[in-house]
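Hi there,

Here is the structure I promised to pass on. My notes follow below it.

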Amino acid sequence: EVYPEIMEELLTEDWEVLNFAVNGFGPVQEFLMLEQRAIHFEPDLVLMAIYLRNDFDDLSGILDWAHNFERPRARLGQNGEVVFENIPVPFYERLHQSNGERKERVLDHLMRSRIYNFAFDRFSDIHNLLKMPPEVRILKKKRSPETETAYLLMQKLIKKTRNVSH
């Protein structure tokens with residue numbers, strides 16, 4: 001059960017719920033999906049789910065661990081406006097790699113994978129067992145500059161979402 005289906009069951013017959021969510025999309029991709037596709041359906045209401053575990057990290061660039069896993073990015077411009085980058089997303093030519101290059105790329109992805117980093121962080125140093133979870137790091141009163149920038153980007157993306165959907 002996903003909440004758009006539950007919402008549609010609970011709402012009156014006058015409502016239709018359209019789900020434009022894509023697994024793995026971050027806030028930038030979600031906004032672009034709204035702006036480029038979903039808005040053409042003239043929605044009466046737009047809901048945007050924000051997941052504390054990784055959406056702010058996605059905006060801060062902390063999750064940019066995978067080479068050739070390109071995606072649209074956003075940053076703050078000189079005047080504080082949202083600037084989108086990496087659009088269109090560059091196409092990665094895997095077909096032109098030799099077998100050795102492919103094996104090297106697979107090893108590179110493994111070394112940068114979340115499970116590898118999790119295991120390395122947890123077992124390389126006993127003190128890392130007490131490492132702060134993302135939700136706590138994000139909600140701290142004194143945030144890192146990267147998290148502060150992610151907060152500002154998220155606020156601006158929410159405002160842009162509101163402006164596009166009105």
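Is E85 buried, partly exposed or exposed? With a relative accessibility of 33%, E85 is partly exposed, where buried means under 20% relative accessible area, exposed over 50%, and partly exposed in between (1.4 Å probe, protein chains only).

Before the rest, some ground rules: this is a predicted model, in which local features need pLDDT of at least 70, side-chain atom pairs count only at pLDDT 80 or more, and totals for chains, interfaces and linings use all residues. Residues are numbered from 1 along each chain as its sequence is written, and side-chain values use heavy atoms, with hydrogens and water left out.

There are three salt bridges in the model (a side-chain nitrogen of Lys or Arg within 4 Å of a carboxyl oxygen of Asp or Glu). One of them joins E85 to R75, at 2.3 Å from N to O.

D58 has salt bridges to R71, with the closest N and O atoms 3.6 Å apart, and to R73, at 3.8 Å. D58 sits in helix α3 and R73 in strand β1, so their pair ties together parts 15 residues apart in sequence. D58 is buried at 6%, R71 at 11% and R73 at 15%. Shared partners join D58, R71 and R73 into one network.

Best wishes

Definitions and conventions
Helices (H or I, at least four residues) and strands (E, at least two) are DSSP runs, numbered from the N terminus.
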